[in-house]
Amino acid sequence: MTDSNGLLREAIPLHGGAVAAILKLLASQTLMTLGTNSPEGQPHLSTLGYANDGLNLYFITARASEKWRNILADPRVAVAVRGRAEEGEAVGLSIEGRAITVEDQAEIAALRSRVEARTPQQAPFAPGSDEVVVVKVVPEILKAVAVVDGRSQAQTFSIGDPDRAIEGVSYSPSAVARLF
């Protein structure tokens with residue numbers, strides 16, 4: 001991988017401090033930008049709401065949408081989340097991963113509960129109709145940005161199993177969670 005200067009930068013394994021900073025960022029936001037590829041290879045961007053369970057992101061989309069057609073053709077996706085943070089905390093996150101359809105009713109019910117608890121105003125848009133599909137983004141690569149001494153610093157992390165990456169990590173949404 002290369003950085004913004006064209007220099008080779010290897011992904012490092014995700015560590016507990018980075019996980020806490022990334023989870024704090026994800027918990028503080030409700031919108032993401034999703035990138036998909038059309039069957040013709042054209043990029044397509046959509047801004048939409050999400051709910052997260054650890055590092056996995058969930059969203060709902062219409063089965064007739066362009067993003068859904070693109071995901072069916074190519075499940076590779078990119079996600080960007082931007083927030084505000086204290087010095088050294090994650091202020092931006094880019095995720096490269098795979099989109100998969102969620103069909104398990106227990107997982108959908110848990111998602112509905114998270115949406116209702118986190119953003120009650122969005123509860124009417126939670127999964128429920130055959131015209132929509134619930135999609136889970138499983139991250140493979142995370143690229144996080146923090147501001148340190150007034151300058152942006154980025155780091156690329158390899159994930160492995162996203163559920164195992166968060167095991168044993170705790171954080172308080174009001175506490176500072178340093179990325180670096």
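Q: Is Glu 96 buried, exposed or partly exposed?
A: Glu 96 counts as partly exposed, since its relative accessible area is 32%; here buried means under 20% relative accessible area, exposed means over 50% and partly exposed means in between, with a 1.4 Å probe and protein chains only. This is a predicted model, in which local features need pLDDT of at least 70 and side-chain atom pairs count only at pLDDT 80 or more, while totals for chains, interfaces and linings use all residues. Residues are numbered from 1 along each chain as its sequence is written, and side-chain values use heavy atoms, with hydrogens and water left out.

Q: Which residue forms a salt bridge with Glu 96?
A: That is Lys 143, with the closest N and O atoms 2.7 Å apart; a salt bridge here is a side-chain nitrogen of Lys or Arg within 4 Å of a carboxyl oxygen of Asp or Glu. The pair links distant parts of the chain, as Lys 143 sits in strand S8 and Glu 96 in strand S7, 47 residues apart. Lys 143 is also partly exposed, at 30% relative accessible area.

Q: How many salt bridges does the structure hold?
A: It holds four. One of them joins the side chains of Lys 136 and Glu 107, at 3.4 Å from N to O. This pair also connects distant parts of the chain, with Lys 136 in strand S8 and Glu 107 in helix H3 (residues 105–118), 29 residues apart. Lys 136 is buried at 14% relative accessible area, whereas Glu 107 is partly exposed at 22%.

Q: And what about Asp 74, which residue does it pair with?
A: Asp 74 forms a salt bridge with Arg 76, and the closest N and O atoms are 2.7 Å apart. Asp 74 is buried, with a relative accessible area of 13%, while Arg 76 is partly exposed at 46%.

Q: S8 keeps coming up, so which strands does S8 pair with?
A: Strand S8 (residues 132–148) pairs with strand S5 (residues 56–62) in the antiparallel sense over six bridges, where two strands count as paired if DSSP finds at least two bridges between them. Strand S7 (residues 90–102) also runs antiparallel to S8, with twelve bridges joining the two, and S8 pairs with strand S9 (residues 151–158), again antiparallel, over eight bridges. Strands here are DSSP runs of E with at least two residues, and helices are runs of H or I with at least four residues, numbered from the N terminus.

Q: Which residues face each other there?
A: Ala 62 has Val 132 in S8 as its bridge partner, Arg 98 has Val 138 in S8, and Leu 142 stands opposite Phe 157 in S9. The hairpin of S8 and S9 has two residues between the strands, and Asp 149 takes a positive phi near 55° there.

Q: Switching to helices, which residues of H2 are buried?
A: In helix H2 (residues 66–73), the buried residues are Lys 67, Trp 68, Asn 70 and Ile 71. They lie on the same side of H2 because they cover an arc of only 160° around the axis, the arc being that of the directions from the helix axis to the C-beta atoms. The cover over these buried residues includes strands S2 (31–37) and S3 (43–49), together with S5, S6, S7 and S8.

Q: How many residues are in the largest nonpolar core?
A: There are 31, and those with the most contacts inside this core are Leu 14, Met 32 and Leu 142. Helix H1 (16–28), S2, S5, H2, S6, S7 and S8 each give two or more residues to the core, and H1 gives the most, with seven residues. A nonpolar core is a set of buried Ala, Val, Leu, Ile, Met, Phe, Trp, Tyr and Cys residues joined through side-chain atoms within 4.5 Å.

Q: What does Met 32 touch?
A: Leaving out residues up to four places away in sequence, Met 32 touches several residues, among them Leu 48, Leu 57, Phe 59 and Val 81, where contact means heavy atoms within 4.5 Å.

Q: Where does Val 81 lie?
A: Val 81 lies in strand S6 (residues 76–82), and at 3% relative accessibility Val 81 is buried.
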